[in-house]
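Reader: I would like to learn how to read salt bridges and strand pairing in a model. Please take the general idea before each case.

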Amino acid sequence: MNKRILGALGTVIIGAGVIAGIGTYVAAAKNDSRVLAATPAGTMETPQGVLPHYTLAIKVYPDSMSGSHGKDGGAHPGYVTYGPVANFEVPAHSVITMTVTNYDGGESLNNDYFARVRGTIDGSAQLNGERMTSISPDAVGHTFTVHGIAVGQDEFFLSVPMKAVAEEDMPEEGYSSKPNVTVFTFITGGPGEYVWNCEYPCGDGTIAKFGAAMSTMGYMSGHFTVKG
């Protein structure tokens, strides 16, 4: 069996495991009531005409000491985390501008598919003020990926890579003074409840590093609700 076939089989196995993990997470995440709602920001001209405009701003930290899980980092102070919360709410049929400030480093993706911007207006994002459509797969810190798995509702898929902070800019303690800021804009469809997760393998303990923070509610995954 050649390497290409082995690689394809590996991707299928990893993908199946991730989907199974998402299903488990959806059931558990109902217990987390914290939600960050998008902020109204007027209107915006889009390829679909003038739409209501909203914004969301979140951050990615290399541990949980930022306060979003409590002043001592909660049950898992060493877990990498998105913040301030992991559940988000946006209006249906609207344009959303999302800002993600990443303070964490990174290495290589398991799947190069997630190195490219997908689902945004014109397939691009702004990285530190410069337009980008992809990041080198070995320089990704995290991704923000919304899966369009919602039975009986509009399909929705969004995936944006976050560039890793350079190793020399990662301090021994605290957070980098040179975070990478990614801004992207997308259009929501009809109402639906979706799951988002990071597709960079930043956990421990299982095959492909999708354990620990990757499989614990409120760190590297959450709900993404489109409200009607």
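Author: What follows treats the salt bridges and then a sheet. This is a predicted model, in which local features need pLDDT of at least 70 and side-chain atom pairs count only at pLDDT 80 or more, while totals for chains, interfaces and linings use all residues. Residues are numbered from 1 along each chain as its sequence is written, and side-chain values use heavy atoms, with hydrogens and water left out.

Reader: How many salt bridges are there by this rule?

Author: A salt bridge is a side-chain nitrogen of Lys or Arg within 4 Å of a carboxyl oxygen of Asp or Glu, and by this rule there are two. One joins Arg131 to Asp122, at 3.9 Å from N to O, and the other joins Asp169 to Lys178, whose closest N and O atoms are 3.7 Å apart.

Reader: Is Asp122 buried or exposed?

Author: Buried means under 20% relative accessible area, exposed over 50%, and partly exposed in between, with a 1.4 Å probe and protein chains only. Asp122 is exposed at 53%, as is Arg131 at 52%, whereas Asp169, at 25%, is partly exposed.

Reader: What is the strand order of the open sheet?

Author: Strands of a sheet pair through backbone hydrogen bonds, either parallel or antiparallel. Strands here are DSSP runs (E, at least two residues), numbered from the N terminus, and two of them pair if DSSP finds at least two bridges between them. The open sheet has six strands in the order 1-5-13-12-9-10, with mixed pairing; strand 1 (36–37) and strand 10 (158–163) are its edges, each pairing on one side only. Strand 5 (residues 88–91) pairs with strand 13 (residues 221–227) in the parallel sense over four bridges, and Phe88 stands opposite Phe224 in strand 13.
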